[in-house]
Amino acid sequence: MFRDLQRIPRRDHHLPADDNPHIVYQVACRRRQQLAMWMRSGHSPLHADLHRHGLRPSSFCERCTMAPEDRQHFLFECPRFATERQTHIVPLLRRISADRGMPLLPSDVSVLDYVLHHEYIQDTVNYVMATGRFHCRS
Ligand SMILES: [Zn+2]
């Protein structure tokens with residue numbers, strides 16, 4: 001977060017960065033773009049992605065230890081995020097189901113394609129942010 005603030009030129013030098021709406025807005029947008037890119041590309045700090053690149057010894061989810069922590073697990077399965085999923089993903093699946101005129105279930109092979117589609121990605125990012133899974137440690 002601090003590194004992001006340094007790169008953005010300030011408009012109002014009298015305001016500290018945290019109080020400057022221009023900077024707060026830009027950082028929030030960049031963060032959302034980064035999360036969307038991670039989810040869409042499959043190159044994220046999820047353990048399955050890190051393991052695939054040799055950056056973690058195990059792909060398993062540390063939160064539930066039930067399965068590899070890939071996008072499918074993180075978005076639709078991990079019990080640790082059931083509350084956030086109920087708030088963000090369940091209504092999103094309902095919306096997509098209404099848009100396409102047939103039910104979309106978390107187990108459908110095309111479910112990732114749908115929730116990561118540009119039309120729906122912002123709702124998916126809302127879920128990612130609500131989980132706090134990728135919060136910066138500063
Ligand atoms: Zn899990």
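Okay, hi everyone. From the N terminus on, the elements of this chain run α-α-α-α-α-α-α. In other words, we have 7 helices and 0 strands; helices here are DSSP runs of H or I with at least four residues, strands are runs of E with at least two, and both are numbered from the N terminus.

A quick word on what you're looking at. This is a predicted model, where local features need pLDDT of at least 70, side-chain atom pairs count only at pLDDT 80 or more, and totals for chains, interfaces and linings use all residues. Residues are numbered from 1 along each chain as its sequence is written.

Let's start with helix H5, residues 82–100.

Now, which residues of H5 are buried? They're Arg85, His88, Ile89, Leu92, Leu93 and Ile96. Buried means 20 or more other C-beta atoms within 10 Å of a residue's own, while 12 or fewer is exposed and in between is partly exposed; the C-beta atoms are placed from the backbone. Remember, an α-helix has 3.6 residues a turn, so residues three or four places apart point the same way. The buried residues of H5 pack against helices H4 (71–77), H6 (111–115) and H7 (121–131).

That brings us to the largest nonpolar core, which has 16 residues. Such a core is a set of buried Ala, Val, Leu, Ile, Met, Phe, Trp, Tyr and Cys residues joined through C-beta atoms within 7 Å. Helices H2 (21–41), H4, H5 and H7 each give two or more residues to this core, and the largest share, 4 residues, comes from H5.

Last stop, histidine 73 in helix H4. Why do we call histidine 73 buried? Because 21 other C-beta atoms lie within 10 Å. Not counting residues up to four places away in sequence, histidine 73 touches Cys61, Ala67, Pro68 and Cys78; contact means C-beta atoms, placed from the backbone, within 7 Å.

Terms used. Expected span 1.5 Å × (residues − 1). Contact = placed C-beta atoms within 7 Å.
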